[in-house]
Amino acid sequence: MNPNMLSFDEALATLLAKARPLREIEMADTLVAHGRVMASDVRSPIAVPALDTSMMDGYAVRVGDVAESGTRLPVSQRIPAGSVGMALEPGTAARIFTGAPLPPGADAVVMQELCEHAGDEVAINHLPRAGEAVRLAGSEIAAGDVVLPAGARVRAQEIGLAASVGIAQVPVVRRMRVALFSTGDELVMPGEPLPPGGVYNSNRFQLRVLLEQLGCTVTDFGIVPDRLEATRSVLREAAEGHDLILTSGGVSVGEEDHVKPAVQAEGSLDLWKIAMKPGKPLAYGQVGAAAFIGLPGNPVSSFVTFLLMVRPFILATQGATAVTPKALMLQADFDWPRPDRRREFLRARVNDAGAVELYGNQGAAALSSIVWAEGLADVPAETPIHRGQTIRFLPYGQLLY
């Protein structure tokens, strides 16, 4: 590895160390809290289940009343879900349905397939054990248990759990406010004629969606002309009221790359070369109270660098406890005999055999590769990969949300 480059792990650790967690807390309706980060622990006000309940359709009995298989008992009551039955009289059974509270006195449920109902009686063709097919009160959640811990990201599962214990609002960290813009006179918006030398601006679209999926509020400043004063002007405006300024392009050292000198003029800037491919250049700095991150202009590099660097930074700023993806250890269904000196993140997916296969064109300009892929194969620097070897695979499910 080039000694002037930071390793991927060094660069990520440096970036995360610069994340300043947001402190403002707001209450969000549980129904619309998806994607937010919990600001504090939320405890259940109730036990789940609140009462002993039946796990299946069948008959509630007293175990002591069923001395042998085939015992016949009169059916004294019927208890559907949502109803509370009367105390079970000794020597009787109660018809009960899944989710219904067990009547006082009953200590087991016999599934209906093991019973024969005839007239007002039921034959119990099974010797039940105490507690059989019974979901005990508080067995899933006790009153006062933490159901949503601080730092957890709210998904559909968390919303469902909160609703199940009656929580209508949850305390969340306020949304991160991000200013977004692209630089480059060659950039053209989709829908407009493409002039010679022009390039449609894909970064503006994909980065905005990636930010919104992380729960950010995005102010889109569009395309900034390749002029120093124009770039400085937008930076000053973007620094007002935003936590992060995110750009793509213009952070190199060419004559038309004005983001670097503009950030240096308006604030401070560190420009790192990271030993990763794609996505070697990454700029981090500060403009006013806002953090600044400059991504490469190449759309594939921008996408991959966002997933692996910017996403963890945003999650850390939002106070999330889990900010880095968990890799799957899978077999490679490819050979990679000539590895790069940098750590490579190859566009890949899992085939029907459960092994990782690569997109044929791993070039940094092949934007179609990230659509075809289901994630990234993580290949260490200077490490050949042989078919059948176990490798790290980072699925999009761990990278995009």
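How do the residues of the lining of the largest cavity divide into nonpolar, polar and charged?

Modeller: This is a predicted model, in which local features need pLDDT of at least 70 and side-chain atom pairs count only at pLDDT 80 or more, while totals for chains, interfaces and linings use all residues. Residues are numbered from 1 along each chain as its sequence is written, and side-chain values use heavy atoms, without hydrogens or water.

The lining of the largest cavity has three nonpolar, three polar and three charged residues (Ala, Val, Leu, Ile, Met, Phe, Trp, Tyr, Cys and Pro are nonpolar; Asp, Glu, Lys and Arg charged; the others, Gly among them, polar). It is made up of Gly 35, Arg 36, Val 37, Val 173, Arg 174, Arg 175, Leu 214, Gly 215 and Gln 318. The space in this cavity is about 50 Å³, and a search of the whole structure finds one cavity of 30 Å³ or more. On a 1 Å grid, a cavity is where a 1.4 Å probe fits but cannot get out, a pocket is open with protein on both sides within 12 Å along at least five of seven lines, and lining residues have an atom within 4 Å of a point.

The largest pocket holds about 570 Å³ of space. Of the 23 residues in its lining, Arg 153, Arg 155, Arg 311, Gly 397 and Tyr 401 lie nearest its centre. Helix 3 (203–213) and helix 6 (299–317) are the elements that give two or more residues to this lining. By class, the pocket lining has seven nonpolar, nine polar and seven charged residues.

These two helices also meet each other. Asn 203, Gln 206, Leu 207, Leu 210 and Leu 211 of helix 3 touch Pro 299, Ser 302, Phe 303, Phe 306, Leu 307 and Ile 314 of helix 6 (contact means heavy atoms within 4.5 Å). Eight residues of this contact are nonpolar, three are polar and none is charged. The axes of helix 3 and helix 6 come within 11 Å and cross at roughly 20° (lines fitted to C-alpha atoms, with angles from 0 to 180 degrees).

Helix 1 (residues 8–17) comes within 9 Å of helix 6, axis to axis, and the crossing angle is roughly 30°. Phe 8, Ala 11, Leu 12, Leu 15 and Leu 16 of helix 1 make this contact with Leu 308, Met 309, Pro 312, Phe 313 and Ala 316 of helix 6. The contact of helix 1 with helix 6 has ten nonpolar residues, with no polar and no charged ones.

Definitions and conventions. Points joined across faces, edges and corners; volume = space filled by probe spheres on them. Helix = DSSP H or I, 4+ residues; strand = E, 2+ residues; numbered from the N terminus.
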